[in-house]
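Welcome, and thanks for taking a look at this one. Let's go through its charged side-chain pairs together.

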Amino acid sequence: MIMGLEVMERLARGAEAAVFLVRFFGQKAVLKVRVPKGYRVPVLDTLIRAKRTVLEAKLLGKAYASGVRVPALLGYSRNASSILMEYVEGRSLSAVDDGTLASVSATVGELVGRLHLVGIVHGDTTPSNFIVAGGTTCLIDFGLGDFMSTTEARAVDVNLFLKAVMALRPSAYARVDEQFRAGYSHILGGIESQKVFERVAELRLRGRYVSQRRQDFLSDE
């Protein structure tokens with residue numbers, strides 16, 4: 001039992017939180033508990049975990065109200081640094097075949113576009129955080145999210161998804177890139193989306209420059 005909820009299994013344990021499948025009034029639900037950090041001063045650690053928990057709950061609520069398919073927020077505890085959410089049963093995009101990945105990429109672009117339209121950035125838009133379930137695509141894990149509308153922050157979200165696809169599924173990348181951009185532009189509009197895509201190109205140039213400088217440095221040693 002955790003917080004009076006029956007734990008069915010632990011789904012994940014990351015650097016920031018432990019995630020459990022629990023039973024809530026007879027139904028499956030997900031409980032996310034932010035774990036203490038031993039290297040931080042206890043009072044500061046408690047404050048940081050509480051603030052991040054409240055922020056994540058607000059992000060989920062705003063996204064849900066804006067028509068973005070996310071797990072429904074069932075409750076949260078600032079004191080316990082925990083969030084209770086709807087359990088979404090399905091397969092992550094990191095586990096589907098290339099055809100399925102390409103076919104839902106326009107929807108993924110729309111989801112990210114809707115978030116950006118209402119001033120939210122997700123912060124961790126990897127394929128593993130998109131769940132295909134019952135004909136819909138759901139975006140999960142807002143633990144690194146924030147309320148931001150800068151072109152840079154939006155571009156980081158877009159670049160993270162596309163870069164992950166390029167690394168994981170290079171054979172599907174061209175189709176995914178095209179469909180994602182179409183869906184994203186449909187929601188955010190041509191002018192704003194173009195600003196984001198131009199910044200994505202800049203991010204990639206920066207990344208290549210840093211990588212080259214690192215290689216040059218190692219070669220000189």
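## Overview

This is a predicted model, and a search of the whole structure turns up 14 salt bridges. Here is a friendly tour of a few.

## A link between strands

One of the pairs is arginine 23 with glutamate 6, whose side chains form a salt bridge at 3.5 Å, N to O. Because arginine 23 sits in strand 2 (residues 17-24) and glutamate 6 in strand 1 (residues 6-13), the pair ties together parts that are 17 residues apart in sequence.

How accessible are the two partners? Arginine 23 counts as partly exposed at 34% relative accessibility, and glutamate 6 is partly exposed too, with a relative accessible area of 40%.

## From loop to strand

Arginine 69 and glutamate 86 also form a salt bridge, with their closest N and O atoms 3.2 Å apart. This pair links distant parts of the chain: arginine 69 belongs to the loop between helix 1 (42-65) and strand 4 (73-77), while glutamate 86 lies in strand 5 (residues 82-86), 17 residues apart.

Arginine 69 is partly exposed, at 27% relative accessibility, and glutamate 86 is partly exposed with a relative accessible area of 26%.

## Within a helix

Lysine 195 bridges to glutamate 192, the closest N and O atoms being 3.3 Å apart. Both residues lie in helix 5 (residues 190-220), three residues apart, or about one turn of the helix. Lysine 195 is partly exposed at 40% relative accessibility; glutamate 192, with a relative accessible area of 30%, is partly exposed as well.

## A network

Which residues are linked in a network of salt bridges? They are Lys32, Arg34, Glu56 and Asp141.

How values were computed: Residues are numbered from 1 along each chain as its sequence is written. This is a predicted model: local features need pLDDT of at least 70, side-chain atom pairs count only at pLDDT 80 or more; totals for chains, interfaces and linings use all residues. Side-chain values use heavy atoms; hydrogens and water are left out. A salt bridge is a side-chain nitrogen of Lys or Arg within 4 Å of a carboxyl oxygen of Asp or Glu. Helices (H or I, at least four residues) and strands (E, at least two) are DSSP runs, numbered from the N terminus. Buried means under 20% relative accessible area, exposed over 50%, partly exposed in between (1.4 Å probe, protein chains only).
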